[in-house]
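Subject: Structure handover

Hello,

Here is the structure I said I would pass on. My notes on what was found in it follow below.

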Amino acid sequence: VVCSDAMMVVWPQIGGYIGSSPLCIAAMNVVAVTVETDIPSGIISVLNASDGTRVWEDRDSVKGHPHSSVGMDEATGTLVFGANDKHLYAYNLSTGQLLWKHHAGGQIKGPIAVFESRAYFGSWGNNACAVNLISGTAEWCIEMHDKVMAGASVDSRTRTVFFGGHSFWVVAVDAATGDIKWSFATKGVIIGGMTVTKDRLVFGSNDGHLYALELATGDLVWKYIEGRTGQVSSVPLITPDGLIFFASRSYQDPDKEGANNCNGRCVNPGSFHVLEGH
């Protein structure tokens, strides 16, 4: 993540393994990151983006590995992330004070989406939830019928949040009420996040396809495989001129379209794709 004018900064070690993406808060020139330790437990650190010095950190409160990338609510100045101890944690960005922790019913692996002072996330408790960032209480949860590892995506224009999970389904949900607007079934686990465009939802599945759905209805617009993509667990990057960049975990056997693995016949451990004109 680019968060400083420095071309390259070498930071000191911060005490463990980093299994999440850092969050840059450019207005304060700081980076928030979660760290795994061997106990197992976790650390939340806020670092100066220029030199890596600690602004504050908490090494005591998190009792499980935090794989979840940090989300931030600018309105309340709240940082939020999940951990393997089944809790969602909220901290005051300026002071480092632990504001609350919320038991989610399952391990929280994916990044946290934040919209209108709510945290949106899925858990290994087979649900997806919206938690109020002021009170720390759940406003709603929906049943996802299997684990959820992918991060949620939000369309702020229609106030819709999208979840995907191990059940192979993508679900569009009203961000305020939790009412389901539509759902769509793939043929594989969905691990990567989804990208929202003006009128499309684009995402990958472990069935090897990259999908584009109508944002409003969930109708399939197209799916891409051509016998070349393996498990797609990356988040698609879409440029303003319509180029789509994504990576897949392995080449598949071209004779087995839709397989979740290449059954020992992989010809390459991974591949990178650029689509044009979709």
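**The disulfide and its strands**

C129 and C141 are joined by a disulfide, with an S to S distance of 2.0 Å. The model is a predicted one, in which local features need pLDDT of at least 70 and side-chain atom pairs count only at pLDDT 80 or more, while totals for chains, interfaces and linings use all residues. Residues are numbered from 1 along each chain as its sequence is written, and side-chain values use heavy atoms, with hydrogens and water left out.

A disulfide is a covalent bond between the sulfur atoms of two cysteines; the cut-off used here is a pair of cysteine sulfur atoms within 2.5 Å. Searching the whole structure gives 1 disulfide. The link of C129 and C141 is right-handed, with 110° about the S-S bond. C129 belongs to strand 11 (residues 127-132) and C141 to strand 12, so the bond ties together parts that are 12 residues apart in sequence. Strands here are DSSP runs of E with at least two residues, and helices are runs of H or I with at least four, numbered from the N terminus.

Are the two cysteines buried or exposed? C129 is buried, at a relative accessible area of 1%, whereas C141 is partly exposed, at 43%. Buried means under 20% relative accessible area, exposed means over 50%, and partly exposed is in between (1.4 Å probe, protein chains only).

Strand 11 pairs with strand 10 (residues 118-122) in the antiparallel sense over 5 bridges. Two strands pair if DSSP finds at least two bridges between them. G122 stands opposite A128 in strand 11. These two strands form a hairpin with 4 residues between them, and N126 in the turn has a positive phi of about 65°.

Strand 11 also pairs with strand 12, antiparallel and over 5 bridges. The bridge partner of A130 in strand 12 is W140. This hairpin has 5 residues between its strands, and G136 in the turn has a positive phi of about 80°.

**Aromatic rings**

Rings of Phe, Tyr and Trp (its six-membered ring) pair if their centres lie within 6.5 Å; planes under 30 degrees apart count as stacked, over 60 as edge-to-face and the rest as tilted. The count by this rule is 10 aromatic pairs. Why is the pair of F81 and Y91 stacked? Their ring centres are 6.0 Å apart and their planes are at 10°, so the pair counts as stacked. F81 is in strand 6 (residues 78-82) and Y91 in strand 7 (residues 87-92), 10 residues apart. Both F81 and Y91 are buried.

W140 and F163 make an edge-to-face pair, 6.3 Å centre to centre with 85° between the planes. W140 is in strand 12 (residues 138-143) and F163 in strand 14 (residues 160-164), 23 residues apart. W140 and F163 are buried too.

One aromatic cluster is formed by W56, F81, Y89 and Y91.

**Charges over a ring**

The charged end of K109 sits over the ring of W124, 4.8 Å from its centre. K147 lies over the face of W124 as well, at 4.1 Å from the ring centre. The rule is that NZ of Lys or CZ of Arg is within 6 Å of the ring centre and within 35 degrees of the ring normal.

Regards
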